[in-house]
Amino acid sequence: MFTFEVVAGEAVRQQLDQHRDEVVDIVERTYRDHQAGETINPDSYFLRFPEKPDSRIIALPALLRADVQLAGIKWIASFPKNVAAGRPRASAVLILNDYETGYPIACLEAANISSARTAASAAVAARALRPEGLAGGRVAVVGGGVIARNICEYLHVVGCRPDTYLVHDIHEPSGKLLAEHLNERGRTARFTPDLDEALDADVVVFATTALEPYVTRSFRPGQLVLNVSLRDLAPEVVLGAHNILDDVDHCLKANTSPHLAEQLVGNRDFVDGTLADVLNGDVTVDGSKPVIFSPFGLGVLDLAVGAYALDKARAAGQTTAIPGFFGETSRW
């Protein structure tokens, strides 16, 4: 009961990379559990800095009942200026708590968890929203960072086999490195400096650090847009599409593109439903308009993926127990 373990980033990354198909299944199942009321997922809490308006640290608390029976919180920092210094933009830890006693049981490096659950979420959505499959055509990735790289890996897991990946990034070296990464893995990819060329692709993935919309042109019917970074699209673009969210109340806040659309029209009628609605067959979208999937990012997904990483790391002997972590283990 009083054991506390630490799982380092390399162990987390190794376990999740080796079991991506299972991570996809966990994320899909957790979306269904969330829809069924098996979770508590409060609002995320943002710590912002007046002198660093592009930076923030976010707390995402959650409880997952179902088979997991854990509570926890992800504490994730996003400092975009790290990129210019060659450092990852995001860093994070995840604390897991036993639901019966409330005691924390583990601390995991969580930037890997966050990127994996984000990428798996995009992959689950792509599979559900393109039932005809993801073979052939072009997939464009706008943004060339860690999240983008992981999304490409997870799209591959769910059968995405485009003829070409197009990569666009205003930081050209990052975009070219992602294209090179994909080519090294046998997937045809090239960098494009032309945003419009990227926006013409059959599937368009946004994984940027944009703080406000810059995409004002509409997408065509049948296109799938994975709006992972949430703030790239002007509200008019959102209003011209079918819109699937991960959680409506969570996504319509913090000036995300769907939130701006709600502010513009004063209602939520443009929202077709949630990804769980699609997975459960309660909502379908046709090809009359483009489809935009906007995931705000649920803390319960971090919890589910983190619990899985902890179990795998334990089985592989990759956790470090901290003796005497708790100062008192009895009341008297």
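Trainee: First up, is C152 buried or exposed?
Mentor: C152 is buried, at a relative accessible area of 0%. Buried here means under 20% relative accessible area, exposed means over 50%, and partly exposed is in between, using a 1.4 Å probe and protein chains only. Before we go on, this is a predicted model, where local features need pLDDT of at least 70 and side-chain atom pairs count only at pLDDT 80 or more, while totals for chains, interfaces and linings use all residues. Residues are numbered from 1 along each chain as its sequence is written, and side-chain values use heavy atoms, with hydrogens and water left out.

Trainee: OK, helices. At what angle do helix 2 and helix 11 pack?
Mentor: About 140°, with the axes of helix 2 (residues 20-35) and helix 11 (residues 299-315) 9 Å apart. That makes helix 2 oblique to helix 11. Under 35 degrees counts as roughly parallel, over 145 as roughly antiparallel, 65 to 115 as roughly perpendicular, and the rest as oblique. The axes are lines fitted to C-alpha atoms, for helices over the stretch in contact, and the angles run from 0 to 180 degrees between N-to-C directions. Helices (H or I, at least four residues) and strands (E, at least two) are DSSP runs, numbered from the N terminus.

Trainee: Is the crossing of helix 2 and helix 11 left-handed or right-handed?
Mentor: Right-handed. A crossing is right-handed if the near helix is turned clockwise from the far one by less than a right angle, and left-handed if anticlockwise.

Trainee: Which residues make the contact?
Mentor: Helix 2 brings E22, V23, I26, V27, T30, Y31 and H34, and helix 11 brings V300, L301, A304, V305, Y308 and K312. Contact means heavy atoms within 4.5 Å. Sorted by class, the contact of helix 2 with helix 11 has nine nonpolar, two polar and two charged residues. Ala, Val, Leu, Ile, Met, Phe, Trp, Tyr, Cys and Pro count as nonpolar, Asp, Glu, Lys and Arg as charged, and the others, Gly among them, as polar.

Trainee: Y31 is in that list. What does Y31 touch?
Mentor: Leaving out residues up to four places away in sequence, Y31 touches S121, D246, L275, A276, L279, F293, P295, L298 and L301. Y31 is buried, at a relative accessible area of 2%.

Trainee: What about helix 2 and helix 4, at what angle do they cross?
Mentor: Roughly 90°, and their axes come within 9 Å. Helix 2 and helix 4 are therefore roughly perpendicular to each other. R20, D21, V23 and V24 of helix 2 meet E153, Y154 and V157 of helix 4. That contact of helix 2 with helix 4 divides into four nonpolar, no polar and three charged residues.

Trainee: And at what angle do helix 4 and helix 5 cross?
Mentor: Roughly 25°, with the axes of helix 4 (residues 146-157) and helix 5 (residues 172-184) coming within 10 Å. That makes helix 4 roughly parallel to helix 5. Helix 4 passes helix 5 in a right-handed crossing.

Trainee: Switching to backbone: what is phi of Q69?
Mentor: Near 55°, which is positive in a residue other than glycine. Most residues other than glycine have a negative phi. Q69 sits in the loop between strand 4 (52-64) and strand 5 (70-78), and counts as partly exposed at 35% relative accessibility.

Trainee: And where does A254 lie?
Mentor: In the loop between helix 8 (248-251) and helix 9 (257-265). A254 has a positive phi of about 60° although it is not a glycine, and A254 is partly exposed, with a relative accessible area of 31%.

Trainee: Last one: which residues are buried in helix 9?
Mentor: S257, P258, H259, A261 and E262. The buried residues of helix 9 pack against strand 12 (224-227), helix 7 (235-239), strand 13 (242-245), helix 8 and strand 15 (291-294). Just after helix 9, G266 has a positive phi of about 80°.
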